[in-house]
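Colleague: I would like to learn how to read a structure, one feature at a time. Please give the general idea before each case.

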Amino acid sequence: MDHPGDTSLDLGELFHAAFRGLRRTWAEQLAPWELTPHQWRALQTLMRGCAPGRGGAVDGLRLKDLADRLRIAPRSATEVVDQLAEKGLVRREADPTDRRATLVVATAPGIRLFGDVSAARRDKSTEYFARLPETDRAELARILRQLGHGR
């Protein structure tokens, strides 16, 4: 039984167990869109790493920068980008600032899918955390923000 102030608790293990439960629901959520977690993470990183550009579109990221942000090898990033391109969610463009570089750019369907999946994930997260009273959710949010900013 857990007791307040019990220093024998392994917070890392407790956090990891809670995260595994949430992550499992996320992976299940991606199935209707036929996305793997790796593909979603790459699209999410691309969308969050780019600024709105020409005509409301999103300017791309260089493949190397995407790989760095995902903390994977460029070869692995190439494979994921190939998969996303086959689905019509991203395309490659020449980098206008460097002829040798290629940008990965989200397409209109990719931008729409990002919005749809993001909304579904927010809804699932809300449902997952609804088992906690509002005061506990607020405290958890405060603690996680504090930990996130302490990196």
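Colleague: Where is glutamate 34 found?

Modeller: Glutamate 34 is found in the loop between α1 and α2. Helices (H or I, at least four residues) and strands (E, at least two) are DSSP runs, numbered from the N terminus. This is a predicted model, in which local features need pLDDT of at least 70 and side-chain atom pairs count only at pLDDT 80 or more, while totals for chains, interfaces and linings use all residues. Residues are numbered from 1 along each chain as its sequence is written, and side-chain values use heavy atoms, leaving out hydrogens and water.

Colleague: What is the phi of glutamate 34?

Modeller: Most residues other than glycine have a negative phi. Glutamate 34 is not a glycine, yet its phi is positive, about 55 degrees. Arginine 71, in the loop between α3 and α4, also belongs here: its phi is positive and near 60 degrees, and it is a residue other than glycine. For a glycine with a positive phi, look just after α4, where glycine 88 takes a value of about 80 degrees.

Colleague: Is glutamate 34 buried or exposed?

Modeller: Buried means under 20% relative accessible area, exposed over 50%, and partly exposed in between (1.4 Å probe, protein chains only). Glutamate 34 has a relative accessible area of 61%, so it is exposed. Arginine 71 counts as exposed too, at 79% relative accessibility.

Colleague: How many places apart in sequence are alanine 27 and proline 37, and how far apart in space?

Modeller: They are ten residues apart in sequence, and their C-alpha atoms are 6.2 Å apart in space. Alanine 108 and glycine 88 are 20 residues apart in sequence, with 8.9 Å from C-alpha to C-alpha.

Colleague: What is the secondary structure of the protein chain?

Modeller: The protein chain has six helices and three strands. Along the sequence they follow the pattern α-α-β-α-α-β-β-α-α. Of the 151 residues in the chain, 30% are buried. A contact means heavy atoms within 4.5 Å. Among contacts between residues at least 6 apart in sequence, 50% join residues at least 24 apart.

Colleague: Which residues of α4 are buried?

Modeller: An α-helix has 3.6 residues a turn, so residues three or four places apart point the same way. In α4, the buried residues are Ala77, Val80, Val81 and Leu84. They lie on the same side of α4, because they cover an arc of only 100 degrees around the axis; the arc is that of the directions from the helix axis to the C-beta atoms. The face turned away from this buried side carries the exposed residues Arg75 and Glu86. The cover over the buried residues of α4 includes α2, α3, β2 and β3.

Colleague: How many residues does α4 have, and how far does it reach?

Modeller: The expected span of a helix is 1.5 Å times one less than its number of residues. With 13 residues, α4 reaches 18 Å from its first C-alpha to its last, close to the 18 Å expected. α5 has 22 residues and reaches 32 Å, close to the 32 Å expected.

Colleague: Which residues touch the most other members of the largest nonpolar core?

Modeller: In soluble globular proteins, nonpolar side chains tend to be buried together. A nonpolar core is a set of buried Ala, Val, Leu, Ile, Met, Phe, Trp, Tyr and Cys residues joined through side-chain atoms within 4.5 Å. Of the 23 residues in the largest one, Leu35, Trp40, Leu43, Leu84 and Val90 touch the most other members. Two or more residues each come from α2, α3, α4, β3 and α5, and the largest share, five residues, comes from α2. Leaving aside residues up to four places away in sequence, leucine 43 touches Leu84, Val90, Gly110, Leu113 and Phe114. Among the buried residues of α5 are Gly110, Leu113 and Phe114, and the cover over the buried residues of α5 includes α1 and α2.
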